[in-house]
Structure formats: C-alpha cells, structure tokens
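Morning, everyone. I'll keep this short. Here is the structure for today.

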Amino acid sequence: MRITENMRYGSLIDSLGRAQGNYSSLMEQMASQKKINRPSDDPVGTTRVLDFRGVRDSIAQYGRNIENADAWLQLSETKLENIGDLIGQAREAGINNQSSETAQVLAQNVGSLLEEILSLANSKFGERYLFAGSRTDQVPFGRIILPVAHSANGFDGSVYSGGTYTGTTDKTYSVRIAAGGALGAATYEMSDDGGTTWSAAATVPVSGSVTLGDGLTVRFGDDGTTNLTAGDLFTVNAYAGGRTTDARVDAPQAAANNTFAGTAALDVSSGTYGGDRNRTYVVKFVNGGGAVGEADYSVSMDGGQTWGAVQTASWGSTITVDGTAGHEQVLRFTASGPADGFAENDLVYLNAYAAGVYGGNGEDLSVATGRGSRMVYNVTGEEAFTDRGRGAVDLFAALESLKTALEQGDREGVIAQIDRLTTVQDGIRQYVAESGARRSSLEITRDNYQVLDDKVAGLMSATEDVDLERLIVEFKMKETALQASYAMSVQIGRMSILEYLT
Amino acid sequence: MSGIYQILNTAKEGLRAAQVGMAVTGSNVTNAHTPGYVRQRAVMAATSPGETAGNDVQTGVEVTTVERLYDRFIEIQMVEQSSQVGEASIRKETLERIETIFNETDGGGLSELMNRFWQAWEDLSANPTGQVERTALANAADNLAGMFREYAGELHAIRADLNTQVGAAVSELNGALVDIATLNAKIVEGTSGGVNVNTLLDQRSALLNKTAGLIDIQYVEERGGAVNVFTSDGRALVQGIASWQLDVQVRSDGYYDVVYADSPTVPVNGAIGGGKLAGLIGMRDTTAQGYVDDLDDLAGALISAVNARHASGYDPYGNTGGTFFEPLGATGARDMEVIAAVLNDPNRIAASATVNADGDNARSIAAVRDQILMGGVATLGEFYASLVGQIGQDVTEAARRDAHETSVMTQMNNTWEQTSGVSIDEEMMSLIKYQMSYSAAAKLAQAADEILQSLLELT
C-alpha cells in the first residue's frame, strides 16, 4: 500500500478532530453537569425530561392550589369556631334570663354578640368575602331589620320586612292587631316609638303589606293556618342602613361592553321573587334579530352557565326571565340608541334574593387538586348561617328574635330562640368538623404529591444529570488520548526519508 | 567513428531523459499537497537501434509520455459519493441550526412558557378577582405567544436562508457546467494536437466533483477526451462543448423552484436526488416545513381550545369572554397574538363560569393542559416534547449519516491517494534515481569524449 502525504496528514487531522470532539463534549458535560445539553444528545431522554418537567410543574401548581384552599379553609374554620363560641354565649344569655331586671342587660349583650357575629360572618380572605359563595365581592350579611312576632301571637304565617329603611337613626316600630281576621279584614295599630304611642287603627291591605315609615314596610303572608288575631304583637327594630328580609330583585345590570345603549328595567308586572335560593339571571342576545328593533335572546337561570331556548323579542317588549309560578321576573327593554342596537353577546343580568338577608349565593369555590379532580374549599354563608342550611334556622333572625324577646320579657320566645340557636350551633360545629376533614384530605394529597415529586425528580435526574465519577474517569481517558494524538502528530513529521538524506 | 558519436548521442538522450524525470518529480513534489493533483510519471522507453551494422548495441532512451496515474473507476465512485456528502452535510448543518431554536435543556423555552401559562390560569382560578394574578396571566400569555412567534419566525428565517442558498447553488452549478464544457474543448483540442493536458484533466476532475457535490450527476467520457454530464434521470447538463443552464423561478409561496433556463415553467426539483441542492430543497420543503407545520398545529390547537373555553366564561365586567388569542391566519404561529383587549385590560380575562366570581372558567382553561388534543394521542405539552425529541432524533440521524458519508469519502479518497497521490519518500527515491542516471549519462559522455580524444591523439 502506498501511503501518500495527504493520507498521512489527512488521517492525523481526522483523529485529532475526533479526540478534540470527544474531549470538548465531556468538557461541556462537566461544566453543565448535564448529560443532555441539546436534544440530539439524547432525543428520547429530552422528551422524557420535558414530560417530567411538565409533571413537576403540575405538582408544584397543585401544591400551590392546595395551599390556597387550605389557607381559605383554615380561616373559615377559625371564623366558624369563633361564631360557634359567640352563639354559645348568646345561648347562655338566654338561659341566664331569670329576672326582668337583668333581661335588658342581657338583651344588650345579645345585641353586641350579634354585631360581633355579623362582622365575623363578613370576614374576608384578601379582598374576597369568605362566606358569600361565588359572589365574593358582595357583603354577604347586613344588619337585619326583622319583624319579630311575640311568642303569644295567634298568627303563624310568615312576616317579612320590606322596602328600604331611609331613617338615619335606629328606631323600634311595633304593629299591634286591633281586630283579628284575614288579610284585608283585620285592623292594626302602629307605633314608631317602641309602643309608647299608637296610631289609629287601619285595615291590613289584601297584599298584607303595612307601611311603617321611612320607606319601611312589613308584609304578612297568608301562608299560615291561623289569621291575624286581636292582640298579636310584632316588633321591628329598624337599623340605619339595615337590610330588610323580604325577597327582592336588584335592578338589572348591563355588561360593560354591550352595544345596546338603552335601558333595561324590571317591569311593573314582575311579581315578588319567590325562589328559595339567591340566583343570578342572565339575558344574552344571540344576534341582532331579523327585523329592526328585534333581537334573539336566551336566558340563563344559573348565572350564565346553561341557557334556555333562543327566543325573539322586540324593543319595548318584555322578556320573562323566570316564568316559574311565584318567580315571575319580567324585564323590559327601552331603546335610547339606534333602532337595531342589540348585538351578539350583549348581556343583562339581575340578581334575585330569596327572603332573608343573605347577599351571597350558594355556589361553590373550588380549585384543581389533581388532573381532573377538584376540591371545594368554601363554606357558603347560605349553608352555615341561613334557614336554607342544614338546621333550617336563620342565625341572625334567631339572635334578633332573642334580643327582642329579652327586651320584651317574652320568656317563651327566649326559650324558643335558645333551641333554634342550639340547632345553628350544632350545624356550625359540623361545618367546622367537615372543613377540618377537607384540610386533612388536602394534607394527604399534598404529602402524596411530595412523594411523587421526589420520585419524578429522581427519574429526571437519572435521565439528564451526569454521573460525575464516571464522567471524570472518562474525561481523564479522553484527555490522555488527546495528549497522545498531539505527541504523535509532532512525531509524524519526522517520519520521512528527508530526515535521513544529507 | 560513428560508434563513438552514437555513444555521445545516447549519453545526450540519457541526460535529457533524466532531466525530464527530475522535472516530473519536481512537479510531483511541489504539488504533493495540491488537492486534486494527480501524480505523474515520465514513461521512458528504449529508442530503437535504428540502422545499425554488425554488433552495434546502440540503444538510447526517450520519454514517450508523461503519464497521469489515476483510477477511472474510483473517480466515478468519488463523484457519486460527493453528492451524498453534499446532501448529508447541508442536512446536518441546517438541523443543528434548527436544534438551537428548540433547545429546551436549560429551560426558558416554549415548554416552560406553556407550563407557566397553565399555572397562571390555575392561580387565577384560586383568586379570580386578583389583579396580580390577572396581570401575571396576561404577561404569561403574551410571553407564550411571543415565544411561538419567535420559534416560527426563526424556522422561517432558516427556510428563507436555505432558499437563498438554493439560488447561490444554482449559480455555482451553472459556472461549473460552463467550465466543464470549456475544459472539454481544450482537452479535445490538446489531445488531438499531442499537447500534455494533464493539468486540464485534473481541473476537470475537480469540477466534476464540485458539480456532484451540488447535484447528483452521471458522466461518461467520450473517445475524444470530452465528458458528457447528465442528471441522474438522464437530462443533459454538458455535452461536448455545450452546456445547459439551470435557473430558479419564484413559486407561489415565495420560494425558488429549480428549472432549466430554456424551459422556465417546468420545475425539476423532483429530479434532483442528491448533492447540496437536494439537501437544501429537502430541508426547506419537507423537514423545516414539517416543523413549521407541527408548530402551527400546536399553536392552532392551543388557541382554539383556549378560545372556545374563554368565550363561554365571563369577565368581572359581566361581559362574555370572547376570544383570548387572535385566531391563526395564513402565516400560522409566526403571528400568534393575545387579543389587544386582554393585554390592555387584564380584567377582560373571563375567569368565571358565571357572571359572579367563581373562577371555574379559569380552572377549565387550565385543564386544557391535560386534554388529549393532538391527533387523539397527546396533550399539547406531550406533543411539543415529542416534537423536540423528533428534532433531536433527526439531528442525530443527520449527524450519523454525515459522519458515515464523510468516512466513506475518506476511504475512497485514501484509495484514490494510493494510486494518484504523491509520496515524498517515493519521489525522493526517484530523485536519487534520476540524479544517478544523470551522473551516469554524464560519465558516459565523458568516457566517450575521452576515447574520442585518445583516438584524435593517434592521428
């Protein structure tokens, strides 16, 4: 075989290049401490590492979600426990009611306990109300303006306060039935100074709604078995800025981006909201409709998640958002812009509140705690504190009634309210226990994730991290090889006949 | 008498032959490292005694030709191998460039930004009215869209660069074809005129190799010395002294098609089966295009899944969500954008499934991460991870092939060198040999001169 000059140097350069390549690749691994420095170093490993990273990111995120939910639950638990203790104190006040001298003091105690409980029930987590369901921007509970029926009353139908109290000071209204009978027949007297002076007798209207003053009304429902009876006494403590207990519907609100520039108003033909839960209705326009001034719309009764059939309405006409018997809510649209002013996705929504003072809703708040699994982390004020909850007792009504009963020396009333408070207290204790259970379940999940994370981290490290000891040995070997190549290349120049010709 | 003169004449021929031998050796030594130089050898033959009488043994020497030592078959193989090397090296080079775009090993790439995007939705679901969470999400979405734009943009830049190289390769090819035709003419002329054309042959071999590096060719040598060059599917590129020119035509997507200059409407991309041009066109239209398509598919699936869910939610103003990302247009992921309304006001993000602040819609969007959206088998993240893995695999494969083709070429080159390369050791021996021949011939002349002097002194 002839060995030519080019062959000698060519193969030398090739092998030097290879040795340098190996050496620098190991150098890179030493510097980065990673086996994979670009996808082609290990394509399958790269894919696995990316998947592992995704899994670890998910785990970290679930961990954060769990922290959030846990913090919320922990705060809720503390607040509920405090409320439970305060209810206990209110019950004791009722139990201690032995003499009429102490009754007024106890009534005051109950009043201040009520305020304390109110502020606890309106606690916030950051900027969000803990006990308002998904309406976290709404104050869930307000000072309640509650008509309290005397325990000796014959009437056993429902009675609600209504309207909006515009007075600037607290005031006690009393309504006394002068002559018994059905709505429209019975007569009443009214006092706005706690029963010192009384007005002349007047007839209770068929609607059952009696005007007290300063915008406040009381409405009697004919849903009991016994009509209003002569001598029946109702006391209403009106607090400035307090909430009335009758069912109500807020004025419709339009979404900020609506094309529709007219007004939407509740129609006069709307009945009293008779639903048993707080609800958000949404009217969504599907398109501008066929003719001018007409639009197709759809109605949601659950805040916009599910939608009813598409219907057509024209301006100035009315839209029935809820035709259920007793719920009739009717919206009327009035134009003020161009005649074809509706556009797709224009929204109008209205919040309807069932009887009571709860301003939130019964919706859950939840976060993902795993792939496809979620954890509800809130306790709604509705379930914990209102008569739509487990004990079917309204906490604030019971406290207000207790206070009034104490003030009025109504011993039967006091005892009845103590029983109701016991029911609420038991309910709250259950929620505390449940949220404790949810927290420990979160903790277990978190621990499991920790274990999983460690495993995935181990797998990831095995895939992409260098085995340093082996690397160093290999590095030394390649270094020696490279040094040998250099030594050889110096030698090879001398291996020529020219060295021997003189 | 004539005998002595003949001895002088023979000495003269010996001196001349030794000189030519040394000249050839000199040429070999000085060109020992010239690429493509084929070693030469002075072919010597004894001259015929001519009209001699009696027992005359008057035989001189002459250099009949300066021979070019080469192996025709290894040259043909090398020309073919040049096409393989040309294609493999451009593939490797380009894929390594692409790999740097998709290098996710240090994090900070598309994969991480996608993860962050989903995390931002999760965070928002836990606090749907939080301004910090909303701003963080808008940023994460904007960064994600920006990264998609960057990746797709860089892929397109590489495609555009490949395209420019196609144009350059065609011009280079045209130049080489013209040069081959020109050399053909000179070689045919020189050969028939008995001129030494060895250097021209070396040049033409180099040009054939260069041409084959650009496009796969076949060639045949004609009796007169010209070579005819054809594409692998038999179209003529050079015939004798005539050469055909290729050209490029801009097609509808803005990239070049390769055509014959005399029939510019017929693309011949498909007929190019090797060489740098085949590598460039294949990378541009198949491999890089495939990655672009995958990236577009990924962006498209992500956008439509997020948009569909976003549209069914509500922002804190009570508006329906509408779109979140601008739907992809014809330019694909290169122009991925979060809609301006969301970037200007993160409160336009529809985090809730109702007009209240429940955060359920954000959770539903975050769950897109775990949905099987790609071809019924993979989530978005898995699809991307396997795309990166695929690119890594392609790089490994291209590097392996490049190494293989190069080593085959090295082997062939060594075989070629064995026949045609210059060995200094060998040339030194030749030098010594010719030097001694020269000395011997000079000695002969001296001896002849001496006997002639002796003869003259007799008279």
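Start at B:Gly194. This is a predicted model, to be clear. B:Gly194 takes a positive phi, about 75 degrees. This glycine sits just after H4 of chain B.

Now the helix itself. H4 of chain B runs over residues 131-192, so to speak of its length: 62 residues by the DSSP run. How far does H4 of chain B reach from its first C-alpha to its last? The answer is 90 Å. At 1.5 Å a residue, 92 Å is expected, and H4(B) comes close to that.

Next, the domains of chain B. There are two in the assignment. Domain 1 is 2-69 plus 422-451. Domain 2 is 77-409. Their C-alpha centres lie 62 Å apart. The contact between them takes six residues from domain 1 and six residues from domain 2. On the domain 1 side, the classes are three nonpolar, two polar and one charged.

Last, the two chains together. On chain A, 58 residues are in contact with 54 residues of chain B. Which elements of chain A each supply at least two residues to that side? Two helices, H1 (5-32) and H2 (43-95). Then three strands: E16 (279-287), E21 (347-353) and E22 (366-370). H2(A) gives the most, with 13 residues. By class, the side of chain A that touches chain B has 19 nonpolar, 22 polar and 17 charged residues.

That's it from me. Over to you.

Conventions: Residues are numbered from 1 along each chain as its sequence is written. Chains are lettered from A and ligands numbered from 1 in the order in which they are written. This is a predicted model: local features need pLDDT of at least 70, side-chain atom pairs count only at pLDDT 80 or more; totals for chains, interfaces and linings use all residues. Two residues are in contact if their C-beta atoms, placed from the backbone, lie within 7 Å. Helices (H or I, at least four residues) and strands (E, at least two) are DSSP runs, numbered from the N terminus. Ala, Val, Leu, Ile, Met, Phe, Trp, Tyr, Cys and Pro count as nonpolar, Asp, Glu, Lys and Arg as charged, and the others, Gly among them, as polar. The expected span of a helix is 1.5 Å times one less than its number of residues. Domain bounds come from an automatic or database domain assignment.
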